[in-house]
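Biologist: I have a chain to go through with you. Let us take it by question and answer, and keep it brisk.

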Amino acid sequence: MKRKEIISLVLLILVLGLGFWQYKHRKYTDKRSRIMLDTIVEISVSSQHKNIVPIIEKGFTLVEFYENKFSEYRDSSLVWQINHSEGNPVAIDSDTYNLLRYAEKLYNDTEGAFDITIGSVIDVWDFDIKKIPSDAELKAALTHVGFDKVYFNDKEIIIPSGTKITFGAIAKGYILDRVAEELSKEDIVCGYITTRSSYKSFGKNRKAQKVGIQHPRNMNEIISVLNLTDEAIGTSGDYQRYFEIDDVRYHHILNAKTGMPVKDIYSVTVIADNAFIADGLSTAVFLMEPHKGIEYIKKRNDCEAVIYYQEGEEIISLKSLGMKKILENEK
């Protein structure tokens, strides 16, 4: 065999080998979004198989299942049943028990500022018609607030008549984790599920991701970029649902002790191993004084955080040590 023929044969083998490698490692990606959980839920999946839409649809079906359980606005939900129980015991499942246990911890850690029994206070605010409740309305609503009045175990819950619970600050993260867990059982390479405030990746070969943090005042900008691998994100911000009257911003993150929105804090982003932890902590820290909040995060070993708040006319950021290594391009 001549030298030229040998070279041609080697090249042919290399080309065939490359083609086989590309075939064995081919990847198809699809992503879809849907209005759910009072926000936009997006699911993305990558697989070596073309037929990945059913996997994505399975994710949305799971979201719907949990929304039907945890929504306080659907009269078929477990939370609706609890809120209308008139002081009678209601049977609960393991999912609800997990949420209650975490809610109890955050209630204690924030000295009562984070309180899922704030439902009656939420009812007297209306962010659609820009309604500020009167002092009398707030005072009356606050009489029904207090997690210390709630009794629960792994089988049942009892809340006082007139008290309403809401899992709005922790359920999204819990749902994202459950969806990620189930879709990871499928034959996929990688994927993610995200809402406007939470993010969770999943799969066997998760790659490094760059995720932007929304600028709290310039909606077309990001204030910083996170370099992530397989962490989850939770963000709470005063720009997610709010109205302004006489240059005063009234937003949906309410202190359960006062019934009023937290002042001067713009946003809190928490990174943790799972979205459940990150989701709850972002709200809990938002309800704390910024320096106290970042010290709380620093004492934990399961998360990192960055807090953006107002000092004078400036946006100031406070970061845990690990978060400083993850952030880049902060404005």
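Biologist: Does Tyr 28 count as buried, partly exposed or exposed?

Modeller: This is a predicted model. Tyr 28 lies in strand β1, residues 28–36. Buried would need under 20% relative accessible area, and exposed over 50%. Tyr 28 has 27% relative accessibility, so the residue counts as partly exposed.

Biologist: What is the C-alpha separation of Tyr 28 and Gln 48?

Modeller: Tyr 28 touches several residues beyond four places in sequence, including Val 45, Ser 47, Gln 48 and Ile 52. Gln 48 is 20 residues from Tyr 28 along the chain. Their C-alpha atoms are separated by 5.9 Å.

Biologist: Ser 47 is on that contact list. Is Ser 47 buried or exposed?

Modeller: Ser 47 is found in strand β2, residues 39–47. The cut-off for buried is under 20% relative accessible area. Ser 47 has 1% relative accessibility, so this serine counts as buried.

Biologist: Which backbone oxygen does the side chain of Ser 47 reach?

Modeller: The Ser 47 side chain reaches the backbone nitrogen of His 49 at 3.0 Å. It also reaches a backbone oxygen, again at 3.0 Å. That oxygen belongs to Asp 187.

Biologist: How many residues of β6 are buried?

Modeller: Strand β6 covers residues 190–194. On one side, Cys 190, Tyr 192 and Thr 194 are buried; on the other, Gly 191 and Ile 193 are buried.

Biologist: Which residue in β7 stands opposite Gly 191?

Modeller: A hairpin of 3 residues joins β6 to β7. The two strands run antiparallel, with 4 bridges between them. β7 covers residues 198–202. Opposite Gly 191 stands Phe 202.

Biologist: Now the open sheet of 3 strands. Which strands stand at its edges?

Modeller: The order is β3-β5-β4, with antiparallel pairing. β4 and β5 pair over 2 bridges, and Tyr 151 has Ile 158 as its bridge partner in β5. An edge strand here has a single partner, so one side is left without a neighbour in the sheet. The edge strands are β3 (90–91) and β4 (151–152).

Biologist: Last, the whole chain. What percentage of its residues is buried?

Modeller: The secondary structure comes to 10 helices and 16 strands. The C-alpha trace spans about 95 × 50 × 40 Å along its principal axes. The chain exposes about 17,200 Å², with 51% of it from carbon and sulfur atoms. Of the 331 residues, the buried share is 49%.

Notes:
Residues numbered from 1 in each chain as written. Predicted model: local features only at pLDDT ≥ 70, side-chain atom pairs only at ≥ 80, totals over all residues. Heavy atoms only, no water. Buried < 20%, exposed > 50% of the residue type's maximum accessible area, 1.4 Å probe, protein only. Contact = heavy atoms within 4.5 Å. Polar contact = N/O pair within 3.5 Å; in protein donor to acceptor, adjacent residues only side chain to side chain. Pairing = 2+ DSSP bridges. Areas by Shrake-Rupley, 256 points an atom, 1.4 Å probe, with all protein chains shown as cover.
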